[in-house]
Amino acid sequence: ARVHAEGQRIAHELNSRDSKEAVSAFSRYDEDESGTLELPEIRAVLEDLGLFPKTAAEKSAVRRTIVNIARGVLDADSDIEDETDVQDSEIHFAHSLAEVRAHEAVARTIVLTESSLPDLICRVRARLESLRRRAFVDQFRKFD
């Protein structure tokens, strides 16, 4: 019970931090004062907050998160791509390429309001932390 209460307190603090960052970032990057952030402004916010993806895997994960937010769905644990054997790799590549293009098309049309920005920040932060933690662990497994 004590651990659960501590977890809720930490989650509240993180949500509060994300909300404060979002309000500040929204006012700085809504340059056209439209009341929304378009994709170039969203990218600037993420970069300013240190949440800009660095690797191809991070870019793909952040793109999926943005698309999920636009579609109004929760992120699944889609950081780990499906493993395929060699004979299925061409089909998998074609499917992945089509999926990336579809995500990019959706991402280009995304606009976020001030109220949806904290959710984006929280979800992107969690996604990047998960990926970076996994990459760190994988790096050290090479030495086992």
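Predicted model: local features only at pLDDT ≥ 70, side-chain atom pairs only at ≥ 80, totals over all residues.
Is glutamate 33 buried or exposed? At 70% relative accessibility, glutamate 33 counts as exposed, where exposed means over 50% relative accessible area, buried under 20% and partly exposed in between, with a 1.4 Å probe and protein chains only.

Residues are numbered from 1 along each chain as its sequence is written, and side-chain values use heavy atoms, with hydrogens and water left out.

On confidence, pLDDT being the predictor's confidence in each residue from 0 to 100, the protein chain averages 75, and 67% of the residues score at least 70. Over residues 77-93 the pLDDT stays under 50.

Back to glutamate 33, which sits in the loop between helix H1 (2-29) and strand S1 (36-38); helices (H or I, at least four residues) and strands (E, at least two) are DSSP runs, numbered from the N terminus. Most residues other than glycine have a negative phi, yet glutamate 33 has a positive phi of about 50°.

Turning to helix H5, residues 117-141, its 25 residues reach 36 Å from the first C-alpha to the last, close to the 36 Å expected at 1.5 Å a residue, the expected span being 1.5 Å times one less than the number of residues. Its buried residues include Leu117, Ile121, Arg125 and Leu128. Phenylalanine 140 also belongs to helix H5, but it is partly exposed, with a relative accessible area of 47%.

Note on methods
Contact = heavy atoms within 4.5 Å.
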